[in-house]
Every structure is written in structure tokens, then in C-alpha cells.
Amino acid sequence: MARRKIIAGNWKMNMTPTEAVELVNTLKPLVATEDADVVFCVPAIDIIPVMEAAKGSNIEVGAENMYYEEKGAYTGEISPAMLTDVGVKYVVLGHSERREYFAETNETVNKKMLKAFEHGITPIMCCGESLEQREQGVTMDFIRQQVKVGFQNVTAEQAKTAVIAYEPIWAIGTGKTATTEQAQEVCKDIRACIAEIYDEATAEAIRIQYGGSVNAATAPELFAQPDIDGGLVGGAALKPDFGKIVNYK
Ligand SMILES: O=C[C@H](O)COP(=O)(O)O
């Protein structure tokens, strides 16, 4: 069974609500497609205006983060129920920027994964090595650990619906896309890791994206790889070029 591509933009801390609406209006006609799931993962304050602006289009709206507690004294955090209440279907979890600047660990990512599934939100769980790790030859050891801990106590049925984004840290926002071979190799290995944790059927079903300086020129070859099921796009998701990435064929 062919996996459906999923092409997501991660807007990061860009775009005020006013700018966000303008961007959706610009991108809406450009990202129209029936061939892939198209998701805009946006800052929490942009979610409602982006949903309004995206109404009637194929754009799904996702969050960039979420807390793992249900509610309570957690100043500044957003709960899963707050997201589902307004119709959010996806959440980016464990982005390397969250891990680096906000001390997220494999364990906290795992707690968030479990909460997301409990609330019917599809997690886009990020993993990926630093340049130093790649040079030391420990890329897959590091990523396997991220995946194993991230999916702890996640059932096979839940895992089948998840999305994993492989994002080499050295390729994020640097203009240095991983080569197609590098990206395919790691995505294939992540799928093998899922087969070891669960089984072949789960590994076949789970969708694995590549992220890191994806642009309109590199997307077609990357997304044509057998184990790459789309992309998680940062900088280029804020430009009309995102339309070309979505309609990469
Ligand atoms: O989540 C998206 C990634 O961090 C990629 O960002 P980038 O496309 O700007 O390199």
C-alpha cells in the first residue's frame, strides 16, 4: 500500500496573526492538491486566525508544541484539549530547537507523544543528529535512541498513524540540504527501527518526512525516495515557493 505524502510547513516564531492570515491567503491557491496532506504548523496565537483563513481549502492546521499535562498551574503552556477544541489535528514534537533551547528530552517528548495520541492529535516527532555526531559516525545510534524512547508505550495502532520527521540539525536553516542518499539512508533506517520495535506492518504504515533546507529545487528528488514520505519545511514554507514544494511532481 502506497503511503500518502505529508508536506508540512513549520513556521517557527515567525508571522504575527495579521501576517499569518496574509500568508495563508497567498498560499491557499498555490498549495491546492489532492495528492498529499498539507499541514501548516503555526505558533499558538496564529492557530485560530489561520484556521479561519484556511477554511474551505485543503490546508490542515497543526501546532508547533504542546504540554503533556491536562490542565493546571503551568504558566505559558498549551494543553492538548486547547488544541483539539479548535480543531488542531497535528502537533510538532521534539523539534531540535525545542530540545536545544527549551531543554526537551526524549522522555518529555515521549510524554507529549502519549498525550497527543490520547487526544487524537497526530504527532510529527522530530529526530536528527548534530554535525559532530555525524562526523563521529554515531548518527543512527543517536536517532534510534530518540525513536525508541519517543515511542515508549505507544501502541502499534497509534504508531501507524504517527509521523516522524528526520531533520539533521546541521541542515536546518543552513541552506545545506542533506544529499538525497543521506536522507534516504537515515529514513530507511528509522523505518527499520520501527519494524524492530513493532512489526513490518507498522513500519510500512508510518510516514517519515525529511526536513532541513528543503526547497523547490531539492523537494522532487527527496520526496521520490522510497522511504521519504514528504517534508517538514521551515524557511521555504513562508514563501510562495511552498506551493512548488507541495506540488513537487
Ligand atoms: O522544522 C523545520 C526544519 O527545522 C527545517 O527548517 P529549514 O527548512 O528552514 O531548514
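**Figure 1. Overall size of the predicted protein.** Along the principal axes, the C-alpha atoms fill a box of roughly 45 × 45 × 35 Å. This is a predicted model, where local features need pLDDT of at least 70, side-chain atom pairs count only at pLDDT 80 or more, and totals for chains, interfaces and linings use all residues. Residues are numbered from 1 along each chain as its sequence is written.

**Figure 2. Helices, strands and the buried part of the protein.** You can look for twelve helices and eight strands here; these are DSSP runs (helices: H or I, at least four residues; strands: E, at least two), numbered from the N terminus. Buried residues make up 46% of the 249 residues. A residue is buried if 20 or more other C-beta atoms, placed from the backbone, lie within 10 Å of its own, exposed if 12 or fewer, and partly exposed in between.

**Figure 3. Helix H1 beside helix H2.** H1 (residues 17–27) and H2 (residues 47–54) pack at about 25°, their axes 9 Å apart. Axes are lines fitted to C-alpha atoms, for helices over the stretch in contact, and angles run from 0 to 180 degrees between N-to-C directions. The two helices are therefore roughly parallel (angles under 35 degrees; over 145 is roughly antiparallel, 65 to 115 roughly perpendicular, the rest oblique). Pro17, Ala20, Val21, Val24 and Asn25 of H1 meet Pro49, Val50, Ala53 and Ala54 of H2; contact requires C-beta atoms, placed from the backbone, within 7 Å.

**Figure 4. Helix H7 meets helix H9.** The axes of H7 (residues 139–150) and H9 come within 10 Å and cross at roughly 45°, so H7 and H9 are oblique to each other. From H7, Thr139, Met140, Ile143, Arg144, Val147 and Lys148 meet Val186, Asp189, Ile190, Cys193 and Ile197 of H9.

**Figure 5. A close look at Gly173.** This glycine, Gly173, is found in the loop between strand E6 (163–166) and helix H9 (180–197). Is Gly173 buried or exposed? Gly173 counts as exposed, because it has 12 C-beta neighbours inside 10 Å. Leaving aside residues up to four places away in sequence, Gly173 touches Gly234 and Gly235. The C-alpha atoms of Gly173 and Val246 are separated by 19 Å, and these residues are 73 apart along the chain.

Technical notes: Contact = placed C-beta atoms within 7 Å.
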